[in-house]
Amino acid sequence: MTWLFASTVLTLVIGVLAVTLLVDRLVHQQARRDALRLLQANADGLRDALDRGMAQHFAEVRLLSGLQQVAQAPTVADARVALDGFVTSFPQFAWLGLTDASGKVIASANGLLEGVNVSARPWFKGALAGPFVGDVHEAVLLAKLLPAQNEPWRFVDFAFPLKDEQGRIKGVLGAHLSWGWAGQLRQDLSERLAKEAGAEVLVLGSNDIVLLGPTEQQGKKLPPSTDGSLLWATSKSAGHGDFRTLGWQVVVRQPANQALAPYDALHAQTLATAGAVFALLLPMTWWLARRLSRPLVDVKKALSGQAAMPRDDDILYEEARALKQALIEHDERHARQSAALEAMAMSLEKRVDERTRELADINDRLSQSMRDVGRSQERLASILRQSPDAFVCVDAKGLISDWNPAAEALFGWTRDEVRGRLMADILIPAVHRQAHHAGMAAFSKTGEGAIIGKRLELPTLHRDGSVISAELSIGALKAEDGYAAFAFVRDIRERLAAQEEVRISQHRLQQVLGTIPALVGYFDRDARCRYSNELGRKLRGLAPGAEIGLHLREAIGEQNYALHEPHLPKVLTGQRAHFEGSVRQRGQDVHFQVHMVPEKGPSGEVTGFYLMTFDVTALKEAQLQQERARRQLRAITDNLPVMISYIDAEHRLQFLNRTFEQWTGVAVADALGKPMREVIGEQLYEQRREPLAKALEGQRVEFEVVSEALGVRRVLQTAYIPDRPTAEAVVGVYTLTTDVTAMRDAERRMAELALTDTLTGLANRRNFEQWLPLALARAQRAKTATAVMFLDIDHFKRINDTFGHAAGDAVLVTFSQRLAASMRKTDLVARLAGDEFVVVLEGLSDPDVCHLLARKVNEAARQPLRYQDHDLAMTTSIGIAYLPAGVHQTAEAILQDADAALYQTKERGRDGYTTVETGADEAEFSTSSFATL
Ligand SMILES: Nc1nc2c(ncn2[C@@H]2O[C@H](COP(=O)(O)OP(=O)(O)OP(=O)(O)O)[C@@H](O)[C@H]2O)c(=O)[nH]1
């Protein structure tokens, strides 16, 4: 019964503790409420006193502003007297003053600040709009004028506007209420509360700054108390009467421990009382517990056989007696039920033994069957694993239950990925899924369906979304919840592709045979037709199919058959036959070409032959025409004075005309088909190698060479023209070679003529003008001296005039011959015009050579000259311009200098010579020539 005692004691403890705590809590709350109420009452009291005080002072100043002695005082002195009197009566006003409309103090109590401009002060500005009350502030202007005190002067400002009869502001009455009265109020309350309850009193402005309070806190923001060590009461000013609040608030606060001191005493008493109650109740509780539990303990002992069952009279209370009776009955019932259960258990045990033996027996047999089934399943699984066909099994819901490696390879899904998934989602293309679901719904109930037990071709899906054409063999299986299905699936894409290829090939063959311009047929061993293309039928006027079974003789006609028949034995022994023939049809020769090709069976025996006949009439005619054209071309090219050839890409001569033979002496027949190098020799080939390569790259090339073949000098102009049958390839080169020897000679002669004087055969002026600059350049390079000799036949005009023009010509010719004979071959002798001649002397070592030559010419000119029985006198005047070695001079300047020298000779009486040295500094020298004059 210890537990009963323990629980009773525990209940007692908890009860006493709960009551104690509750009482304590209520007392604490009440004490706190009482303390706060007291604080609040004091805060409200001070707030009311402040509001009322402010309202009263506000009313006092309003009254003063309405007094005639102030507002309409006749003089400033009168006004000052009135203000002085007011301050005396109400000493709490530190300053009273009147201003004019501009803010200048015109009268004040005790004359303080008179004459000062207060227009910037807030009270003055505020009063212009109506009655004004300013919040507490420290003295600004008056601080120095008022008597000194412990604390700084602080005021509350009142100001009222003063108006004239028209209602215009004529001035302001300002009052500074000393803040000392409010401080006193707070001080009184604070002292009382400090003494009674240790509380503190503070007055805060609208911005929570301490206006009144302990000196160290004044002017600072009151820090909030968050630790609960203080109890607070706050009372906000609401104004009073006409005075509207400035937002002050009174705060009264008290240390919590001081406020709750009465409660703390009560708390200790409560705990002591609870302890005493507990000490008193504990033994009583123990005794009561024992007394109540005694009958139950006795009954328990009796039931467990430790003691005799107590009599009813010994049991103290009725409930225990009833309990005792119930337990006795229960005990008896329990004994009976136990006996029955024991009997039942024994019987059950026996039956379980029997059943266990039977089950063991069944189990043995079942194990044997399971092993058999397992082996056959293994065999089946192995077969399915090895099966080249994919095997897929689905249950009655269409979910995949089996999936062999071939299925993995075919569809790209592993067995684990697809097991339990809907087969339709995995394998069936979206367009067929609806039909599949409908079929599957019916099948899963009946096990029957249109496709069950059949082999059919269907499209299936690969994992990558591609469609696989497959052949499926589908079967049904009875399952617990309906019918399952399985399918062997074979990829038939290759087979279908092969079939398609065969079909396309057949189609192509039909197309080819249908459009080929040849007769195609197939005949069996007995030469009976088994197939003919459309052309074959049309030629014989046969309807489709009518040719089948016809003998070759009937199929191609008697005349044709006569040409074919000799070849039949050869073909029927397995050899091909090929021949050409012609027949006359409708007055025209028709040429044809026949191919007979045997067809052999698997063991090599001839089963029939193909007959293909081409009409080659057009080809034959074309060949004839081509031959004619070739002959014509040969005739033309052979008779042209042009050498024509064709060289192929391997540099072989494939065509040559007869001119080739005439010019080279090589027979065309010997050269044709041979490499060009071999035919024309290494040296000539080397000359043509580069142009030939360019032509074979597609360029037209022209070049000239001089040939000495057969001892004849020929200037040959050759054109290589690429043979380009298509845009890409050059397959050879046409060559056209023309003999331009005569043309080149004529050109040379004409060029010579252009530079020669026709009368004398000497160089002409143009020749001289080209020559001299070149001669000067040569002299410059060789650092040799040069001279130009200018000659004129003396009095030549007289010869003309006396003996006629022809005589003049003869003189000119003779003179030129004598002149040329006097010079070196390399010196240029030229006739400039009329009887004027020049000589260019090159490679001179000194001017003496010139003198020598001049004298020689003078002498030669003087020699007797006979013309038509007349002795003609001939002399010449010479002017020489000598250009020393290394000195520059232009051609025209040298000629001018020579001309000037000639003029001097003429001046001096003719038949002589004059030499001048010519030349210029390098800087003056320019390379001008006659051409630029
Ligand atoms: N016969 C002939 N006379 C020509 C030919 N070309 C020019 N003349 C003449 O040659 C003459 C040239 O005479 P000039 O050189 O002026 O005088 P010149 O009589 O020689 O006198 P100088 O020179 O002062 O000694 C002119 O009468 C021309 O008509 C020509 O080709 N044949």
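**Exercise 1. Into which classes do the residues of the shell around the ligand divide?**

*Solution.* The residues of the shell around the ligand divide into four nonpolar, five polar and seven charged. Here Ala, Val, Leu, Ile, Met, Phe, Trp, Tyr, Cys and Pro count as nonpolar, Asp, Glu, Lys and Arg as charged, and the others, Gly among them, as polar.

Before going on, note that this is a predicted model: local features need pLDDT of at least 70, side-chain atom pairs count only at pLDDT 80 or more, and totals for chains, interfaces and linings use all residues. Residues are numbered from 1 along each chain as its sequence is written.

Step 1: find the shell. The ligand is surrounded by 16 residues, and the closest are D794, F796, K797, G808 and G834. A residue is near a molecule if its C-beta atom, placed from the backbone, lies within 6 Å of it.

Step 2: find the elements. At least two shell residues come from each of β25 (785-793), α25 (796-803) and α26 (805-822). Helices (H or I, at least four residues) and strands (E, at least two) are DSSP runs, numbered from the N terminus.

**Exercise 2. At what angle do α25 and α26 pack?**

*Solution.* Step 1: compare the axes. They lie 6 Å apart, and the helices pack at an angle of about 140°. Axes are lines fitted to C-alpha atoms, for helices over the stretch in contact, and angles run from 0 to 180 degrees between N-to-C directions.

Step 2: name the arrangement. α25 is therefore oblique to α26. Angles under 35 degrees count as roughly parallel, over 145 as roughly antiparallel, 65 to 115 as roughly perpendicular and the rest as oblique.

Step 3: list the contact. F796, I799, N800 and F803 of α25 meet H805, A807, G808 and V811 of α26. Residues are in contact if their C-beta atoms, placed from the backbone, lie within 7 Å. This contact has five nonpolar, three polar and no charged residues.

**Exercise 3. How do the axes of α7 and α8 cross?**

*Solution.* Step 1: take the angle. The axes of α7 (residues 261-303) and α8 (residues 318-386) cross at roughly 15° and come within 10 Å. The two helices are therefore roughly parallel to each other.

Step 2: look at the residues. P295, L296, V299 and L303 in α7 meet A320, L323, K324, L327 and D331 in α8. By class, seven residues of this contact are nonpolar, none is polar and two are charged.

**Exercise 4. Which strands does β13 join by bridges, and how?**

*Solution.* Step 1: start with β12 (residues 455-461). Seven bridges join it to β13 (residues 467-479), and the two run antiparallel. Strands pair if DSSP finds at least two bridges between them. R455 has S473 in β13 as its bridge partner.

Step 2: follow the turn. β12 and β13 form a hairpin with five residues between them, and G465 in the turn has a positive phi of about 90°.

Step 3: cross to β14 (residues 482-491). Here 10 bridges join β13 to β14, again antiparallel. S473 stands opposite F488 in β14, and a hairpin of two residues joins these strands.

**Exercise 5. In what order do the strands of the five-strand open sheet lie?**

*Solution.* Step 1: read the order. It is β16-β15-β19-β18-β17, with antiparallel pairing.

Step 2: find the edges. β16 (529-532) and β17 (577-585) each pair on one side only.

Step 3: look inside. β18 (residues 588-600) and β19 (residues 606-615) pair over nine bridges, with M596 opposite L611 in β19.

Terms used
Two residues are in contact if their C-beta atoms, placed from the backbone, lie within 7 Å.
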